[in-house]
Amino acid sequence: MAIRNIREIGDPILNKVCKEVTEITPRTKFLIDDMIETMYAADGVGLAAPQVGVLKRIVVIDTTGEDLLILINPEIVETDGEQEGYEGCLSVPGKTGIVKRPNHVKVKALNEKMEPIEVEGEELLARALCHELEHLDGHLYVERVEGELLDNSALKDEEE
Ligand code: NI
């Protein structure tokens with residue numbers, strides 16, 4: 001496994017639509033392993049393949065540190081409610097902003113064995129699912145921020 005370089009806002013690869021995964025090759029397995037390692041190393045709660053420069057519909061998410069999700073060709077099939085909160089992205093380092101998201105999301109996907117799975121999430125997990133899936137269509141959360149994009153450090157001062 002290896003930590004891959006995370007692409008940052010301004011890199012055109014982050015604005016491209018990713019391709020469906022049709023089979024798991026050894027290369028896809030390496031990619032998934034590297035995405036997991038890269039996400040944990042960067043202290044992130046989610047990572048999408050385009051963030052490491054690969055235009056495939058794969059995301060990894062872990063909002064608690066012990067609930068790793070590997071989602072291939074994920075699709076949102078149901079949303080409910082609303083939440084508003086600060087969001088950040090490993091591709092937009094040092095920044096945060098307020099984004100409205102559904103409070104409950106249901107996602108249909110394939111797991112790493114290409115078996116169909118369903119994942120449901122609320123609050124932070126619902127937010128992470130929406131955020132990561134948007135990466136696969138070339139969108140970043142900054143397009144949805146209400147008000148200004150803030151420096152992370154400003155937010156920390158506010159909390160203290
Ligand atoms: Ni992101």
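Guide: In what follows, a residue is called buried under 20% relative accessible area, exposed over 50%, and partly exposed in between, using a 1.4 Å probe and protein chains only. The model is predicted: local features need pLDDT of at least 70, side-chain atom pairs count only at pLDDT 80 or more, and totals for chains, interfaces and linings use all residues. Residues are numbered from 1 along each chain as its sequence is written, and side-chain values use heavy atoms, with hydrogens and water left out.

Visitor: Which residues of H2 are buried?

Guide: They are Ala 126, Arg 127, Ala 128, Leu 129, Cys 130, His 131, Glu 132, Leu 133, Glu 134 and His 135. That is 10 of the 13 residues in H2, so the helix is mostly covered.

Visitor: Turning to the metal, which protein donors does the nickel ion have?

Guide: The donors are Cys 89 (SG), His 131 (NE2) and His 135 (NE2), at 2.0 to 2.3 Å from the nickel ion. Donors are N, O and S atoms within 2.8 Å of the metal (3.2 Å for Na, K and Ca); water is not among the atoms, so sites may look incomplete. The spacing of the donor residues in sequence is C-x41-H-x3-H.

Visitor: How many residues apart are His 131 and His 135 in helix H2?

Guide: They are four residues apart, about one turn of the helix. An α-helix has 3.6 residues a turn, so residues three or four places apart point the same way.

Visitor: And Cys 89, buried or exposed?

Guide: Cys 89 is buried, with a relative accessible area of 11%. Cys 130 is in no disulfide, and the nearest cysteine sulfur, that of Cys 89, is 14 Å away. A disulfide here is a pair of cysteine sulfur atoms within 2.5 Å, and the count comes to zero. Cys 130 is also buried, at 6% relative accessibility.

Visitor: How many helices and strands are in the chain?

Guide: The chain has three helices and eight strands. From the N terminus on, the order is α-β-β-β-β-β-β-β-α-β-α.

Visitor: What does the C-alpha trace span along its principal axes?

Guide: The C-alpha trace spans about 45 × 35 × 30 Å. Of the 160 residues in the chain, 44% are buried.

How values were computed. Helices (H or I, at least four residues) and strands (E, at least two) are DSSP runs, numbered from the N terminus.
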